[in-house]
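Visitor: Hi, could you walk me through this one? Here is what I have open.

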Amino acid sequence: MIDDKSIIDLFFARSEKALAELDGKYGKLCHTLSLNILNNRQDAEECVNDAYLGIWNAIPPARPDPLRAYVCKVVRNVSLKLYHRRGAEKRNSVYDVALRELEDCLPAPDTVEAEGRELTRAIEGFLDSLREENRIIFLRRYWFSDSYAEIAARTGIPEKSVSMRLVRIRKQLKRYLTEREVYV
Amino acid sequence: MNTKTFSEALGEIDGKYIESAISYQAERSYFSPTRRWLLPLAAAIMTLLLVGTAAAAAIMLRDLWIQKPSVDPVEVVRSALENQAGKEYTLNIEVNSVEIDEAETAQVRERFIKGIIADRRGWSDEYLAGHFLVVRADYYAEYDHTQTTRADGEVTMYFYLTQDADSGDWTIVDNSGNVNWSEDDSPAAGAPAAQTVEEQLFAYLSDLYNRAYSPYYDGLRYQIDDYEETTDGDTVTATFLWTMYYLGKGWDVGADEGVEQQVSQSLQAKAVVDENGAIVPETISVLADERAVGDPVYSTSIEETFPDQLGD
């Protein structure tokens, strides 16, 4: 399997092999991520293909590093667009459940809602305040929409413990944002 | 709160966070439910084989730590912590570090152990000098709070171990929770051996409550008020208000976390005192007032008021 730099070089050379290599290396990761959000294999397939097209158009000039995180971001964004476009549908995806978990833990709008960039910076500050394992659990749940079982397998923590940790982390998040008067 | 907006903002975080979340794979694995059941069972069988049914039952009932005596004191503590995973109320134990704390050993030996506790346990100074150690463990714990009031999170625990002079094996005889006994100013924690009956009772109860509550609470300290004492022959009866202070864990009220809380009990202690004015430990009995109002009725053994898991 070729390294990320070589894949990017293929994109710069406008070689279609770039997409094949990208899919070979990160296809499974991308499909899982999209499926977690959409809970529909056909939709997930469509989103991953759309994401690949987006990446093809973005590189060059972009030279993302790390490539894997960049690809995941694009896949997540494309999948969320479809998720919201078809908002009336009941998907019962992990993403659905994860969103509902977040509903009660975030501070309600009080005055002025935070701008997107400001909120992102606040979230990054919150992530920095967590110890590594809790940060991974939080991201795997709310960024990747992993199930508790998947998080348990990855972190080596029992499922029940993952659930309890997430409850505490969400409380911490609420406190963190409230103290900084970050509302959405 | 608009979760959609939050999710979108989350999607824009720096790639380093995403990369770390992808590449993270725990090096360790947790005990599966099957193993969690097997561990205490195996420990019980081994103990039964080694020391006989009656003694084993006593050990298993009294011992909060399923331990495996060894010539390596660090290994004894590490295995005791890891064996906590076998407890039904334990969700997760992650041992960060275990090491002999020489400074703490010296301080505890000098300031705490020499005295009434050592006397009661039959530890001579010579024995303590060569066969007593304090091992410090830092670990992360999570417990099922429907089954235990144990505090979870990052824990620093001091384990007190003695060594069998014949076999060389170390055994945990006590633990401290987050209480650093050598820095405690109470008479139980290092002052010269208590002189008055009140001081001796204070030392006795402090030790008892430390053993009962240190697995659950940090910052334990105690106070006696309204002390009254009567003597009938060589038997002393004392009544007093016993107050235990501890640091809240924020289980019910988040703002209580780290804030000192207190709970008081009216107690009656009876004990035989020898010709030197020293309480005979085996004769001490302490009862708690079971009534909230009116004249006190001392009828409940204080051990019955301790947390359930003491009988685990």
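Visitor: Is A:Arg14 buried, partly exposed or exposed?

Guide: A:Arg14 counts as partly exposed, because its relative accessibility is 37%. The cut-offs are buried under 20% relative accessible area, exposed over 50%, and partly exposed in between (1.4 Å probe, protein chains only). Before we go on: this is a predicted model, where local features need pLDDT of at least 70, side-chain atom pairs count only at pLDDT 80 or more, and totals for chains, interfaces and linings use all residues. Residues are numbered from 1 along each chain as its sequence is written, chains are lettered from A and ligands numbered from 1 in the order in which they are written, and side-chain values use heavy atoms, with hydrogens and water left out.

Visitor: Where does A:Arg14 lie, and what is its phi near?

Guide: A:Arg14 lies in the loop between α1 (4–12) and α2 (17–38) of chain A. Its phi is near 60°, a positive value in a residue other than glycine. Most residues other than glycine have a negative phi, and most peptide bonds are trans. As for the element names, helices (H or I, at least four residues) and strands (E, at least two) are DSSP runs, numbered from the N terminus.

Visitor: OK, zooming out. How many helices and strands in chain A?

Guide: Chain A has nine helices and zero strands. Buried residues make up 50% of its 184 residues. If you take contacts (heavy atoms within 4.5 Å) between residues of chain A at least 6 apart in sequence, 67% join residues at least 24 apart.

Visitor: What about A:Gly54, where does that lie?

Guide: A:Gly54 lies in helix α3 of chain A. At 33% relative accessibility, A:Gly54 counts as partly exposed. Its C-alpha atom is separated by 9.2 Å from that of A:Val78, 24 residues apart along the chain.

Visitor: Switching to the interface. How many residues of chain A are in contact with chain B?

Guide: 52 residues of chain A are in contact with 37 residues of chain B. The two chains bury about 4,000 Å² between them, 61% of it on carbon and sulfur atoms. Buried area here is the accessible area (1.4 Å probe) that two parts lose on being put together, summed over both.

Visitor: Which three residues of chain A supply more of that than any other three?

Guide: A:Arg68, A:Arg154 and A:Val184, which supply 13% of the area that chain A buries against chain B.

Visitor: How many salt bridges across it?

Guide: The rule finds four, a salt bridge being a side-chain nitrogen of Lys or Arg within 4 Å of a carboxyl oxygen of Asp or Glu. The side chains of B:Glu142 and A:Arg165 meet in a salt bridge, at 2.2 Å from N to O.

Visitor: Which helices of chain A touch chain B?

Guide: α4, α5 (94–103), α6 (116–129), α7 (132–142), α8 (148–155) and α9 (159–179) each supply at least two residues of the side of chain A that touches chain B.

Visitor: What packs against chain A from α1 of chain B?

Guide: The buried residues of α1(B) pack against α4, α5, α6, α7 and α9 of chain A. In that helix (residues 3–11), the buried ones are B:Thr3, B:Phe6, B:Ser7, B:Ala9, B:Leu10 and B:Gly11.

Visitor: Last one: how do β7 and β8 of chain B pair?

Guide: β7 (residues 260–272) and β8 (residues 285–289) pair in the antiparallel sense over four bridges, where pairing needs at least two bridges found by DSSP between the strands. In β8(B), B:Val286 is the bridge partner of B:Ala269. β8(B) also pairs with β9 (residues 298–301) of chain B, in the antiparallel sense over three bridges, and B:Ala288 stands opposite B:Thr300 in β9(B).
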